[in-house]
There are 2 protein chains.
Amino acid sequence: MHATIAQLIDVVAKGNEHDIAPLLAADVAFMPPTYWATWHGREPVAAVLGHVGQEFSDFHYRRIMGDGVDWALEFQCKIGALDAVGIDLITLNNDGLIQTFEVAMRPYKSVGALREAMNKRVMTDPRFLKYKDALG
Amino acid sequence: MHATIAQLIDVVAKGNEHDIAPLLAADVAFMPPTYWATWHGREPVAAVLGHVGQEFSDFHYRRIMGDGVDWALEFQCKIGALDAVGIDLITLNNDGLIQTFEVAMRPYKSVGALREAMNKRVMTDPRFLKYKDALG
């Protein structure tokens, strides 16, 4: 397994953005399960991923598939009382950092709960006033 | 790539359940993106996948990751006018047939449109009266 993927697995569920940021390319793109838009840049993406990690509970990775720069990390978790399964779809750049990070999940109801929880988190994190230009 | 995966890629978007059924184990389990439940058995799962394939348009697979019995097939498509990205999470059995088929997708809104469309399809396909015991 690539060292970046091994480190991501180790830190992602802890929801500590300072552990996640060094794994991301400066111009990383993050596509969330909740809406059809893309977050750009290490600082806002690390902040979003930190919030997501704090919202997930009972998180564990299942299968790790891929090689080279292409990886799919299957996970299971809870969002509040709801079960969820998801997958981190990752592309690494030539420096071994995360260039794209797209998350698909199931089922619909659990993603709705995540969307509501994330909207609340982003609205109460003052940094997202500054980050709003990072979403396009 | 495993021959079953190559055949699945060839037939899945056509929405023809008769092409899909021979790739499935008799006791296949299918977990849809739309709700937290599992369809069991080749005939009902082929019927569900046939309907899904007919609901997706502009479908194409992107990256195919995995090896052995573990596969992740990344795809992009439209559901009506809405863009969607998804991933087929597949486990093969010892005979090379699909034993589990779980689908995670993004974003929330597109999965909601799929859920509504699938409910309509299942309600108007009389076989699903018989298949309802296959969902648990």
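This report describes helix packing and strand pairing in a predicted model.

**Helix contacts**

Two packed helices are described by the angle between their axes and the distance between the axes. On the chain A side, the contact is made by Tyr108(A), Val111(A), Gly112(A) and Arg115(A). H4(B) contributes Tyr108(B), Val111(B), Gly112(B) and Arg115(B). Sorted by class, the residues of the contact between H4(A) and H4(B) are four nonpolar, two polar and two charged.

H4(A) also packs against a helix of chain A, namely H3(A), residues 42-55. Here the axes lie 10 Å apart at an angle of about 125 degrees, and H3(A) and H4(A) are therefore oblique to each other. H3(A) passes H4(A) in a right-handed crossing. From H3(A), the residues in contact are His51(A), Val52(A) and Glu55(A). They meet Leu114(A), Ala117(A), Met118(A) and Arg121(A) of H4(A). The contact of H3(A) with H4(A) comprises four nonpolar residues, one polar residue and two charged residues.

**Strands of chain B**

Strand E5(B) spans residues 82-92 and is mostly covered, with eight of its 11 residues buried. E5(B) pairs with E4(B), residues 70-79, in the antiparallel sense through 10 bridges. E5(B) also pairs with E6(B), residues 98-106, again antiparallel, over eight bridges. In a regular strand the side chains alternate between the two faces of the sheet.

Leu89(B) of E5(B) stands opposite Ala72(B). Ile90(B) has Phe101(B) of E6(B) as its bridge partner.

Both pairings are hairpins, and the table sets out their turns.

| Hairpin | Residues between the strands | Turn residue | Phi |
|---|---|---|---|
| E4(B) and E5(B) | two residues | Gly80(B) | positive, about 60 degrees |
| E5(B) and E6(B) | five residues | Gly96(B) | positive, about 80 degrees |

Key. Residues numbered from 1 in each chain as written. Chains lettered and ligands numbered in written order. Predicted model: local features only at pLDDT ≥ 70, side-chain atom pairs only at ≥ 80, totals over all residues. Contact = placed C-beta atoms within 7 Å. Helix = DSSP H or I, 4+ residues; strand = E, 2+ residues; numbered from the N terminus. Nonpolar A, V, L, I, M, F, W, Y, C, P; charged D, E, K, R; others polar. Buried ≥ 20, exposed ≤ 12 C-beta atoms within 10 Å, placed from the backbone. Pairing = 2+ DSSP bridges. Axes fitted to C-alpha atoms, helices over the stretch in contact; angles between N-to-C directions. Parallel < 35°, antiparallel > 145°, perpendicular 65-115°, else oblique. Left-handed = near helix turned anticlockwise from the far one by under 90°.
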